[in-house]
Amino acid sequence: MPSETSQTLDRGLRVLRVLAESPEGLTVTELSGRLQVNRTVVHRLVSTLEQHGLVRRDARSRLFVGLGVLHLAGAVQPILRDLAMPVLRSLAEALGSTAHLTVADGDEALALAVVEPTWTDFHVSYRVGARHPLTQGAAGKAIALLDVAEPAYAVTSGELQSGARGLAAPVRGVEGLRASVGIVTLDGAIDEDVVAPRVIAAAREVGERLR
């Protein structure tokens with residue numbers, strides 16, 4: 001019985017993962033083919049997940065991840081923030097710049113945790129919950145570097161805020177999480193030889209804390 005339960009749970013999680021990677025939706029038959037699991041079994045899995053709001057079906061009977069997943073994600077976000085905050089605090093204080101943890105949410109970058117330095121007279125304000133396209137800003141562009149070998153980081157100037165400059169590095173090794181750690185500072189030359197290694201190290205430490 002334990003192995004049966006484990007197999008069922010594994011298949012249910014695979015259903016959610018495949019649907020999350022299919023923004024156009026899938027039919028039960030298509031999902032069955034992707035999973036290489038009998039169509040009847042997939043139908044039962046989908047029906048169970050629908051009851052919990054984790055899968056939804058549109059008028060064409062195409063399947064999508066349901067809004068119930070948002071409630072699960074909302075419960076995870078405070079954990080991510082709590083684990084990342086000490087690292088961000090150290091980074092902000094060391095560099096005198098606002099530090100942040102940003103996660104990918106669809107095609108947008110979402111600022112999940114932000115720490116401002118305590119000792120500077122002026123620094124850039126960056127709001128928790130702020131969103132912007134993944135294609136803009138160092139935080140979003142760094143997430144796109146997850147498949148690039150280390151050391152990898154992104155630097156931008158004035159893309160999100162006039163007079164601001166950012167540098168960010170991807171958080172690696174956490175399955176299912178696309179995120180970056182970065183800093184944003186007043187416009188001017190960032191000494192990449194100094195800042196980049198610290199940001200990369202902070203991103204690596206956050207990844208280790210989340211694993």
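A search of the whole structure finds 0 aromatic pairs, a pair being two rings of Phe, Tyr or Trp (its six-membered ring) with centres within 6.5 Å. The structure is a predicted model, in which local features need pLDDT of at least 70 and side-chain atom pairs count only at pLDDT 80 or more, while totals for chains, interfaces and linings use all residues. Residues are numbered from 1 along each chain as its sequence is written, and side-chain values use heavy atoms, with hydrogens and water left out. One ring does have a charge over it: the charged end of Arg-56 sits over the ring of Phe-64, 4.5 Å from the ring centre. Such a contact requires NZ of Lys or CZ of Arg within 6 Å of the ring centre and within 35 degrees of the ring normal.

The protein is divided into domain 1 (7–65) and domain 2 (70–210), with bounds from an automatic or database domain assignment. The C-alpha centres of the two domains lie 33 Å apart. An unreviewed UniProt entry lists residues 68–211 as "domain: IclR-ED"; such annotations may be inferred rather than shown by experiment. Over residues 68–211, the chain is 38% helix and 27% strand, where helices (H or I, at least four residues) and strands (E, at least two) are DSSP runs numbered from the N terminus.

The largest pocket has a volume of about 1,700 Å³. On a 1 Å grid over the protein atoms alone, a pocket is an open set of points with protein on both sides within 12 Å along at least five of seven lines, whereas a cavity is a set where a 1.4 Å probe fits but cannot get out; lining residues have an atom within 4 Å of a point. Volume is the space filled by probe spheres set on the points, which are joined across faces, edges and corners. Of the 34 residues lining this pocket, Ala-20, Val-65, Val-69, Ala-73 and Gly-176 are the closest to its centre. Each domain gives at least three residues to the lining, and the largest share, 7 residues, comes from α4. By class, the pocket lining has 21 nonpolar, 5 polar and 8 charged residues. In this scheme Ala, Val, Leu, Ile, Met, Phe, Trp, Tyr, Cys and Pro are nonpolar, Asp, Glu, Lys and Arg are charged, and the others, Gly among them, are polar.

The structure also holds 1 cavity of 30 Å³ or more. The lining of the largest cavity has 7 nonpolar, 7 polar and 2 charged residues.

Methods: Rings of Phe, Tyr and Trp (its six-membered ring) pair if their centres lie within 6.5 Å; planes under 30 degrees apart count as stacked, over 60 as edge-to-face and the rest as tilted.
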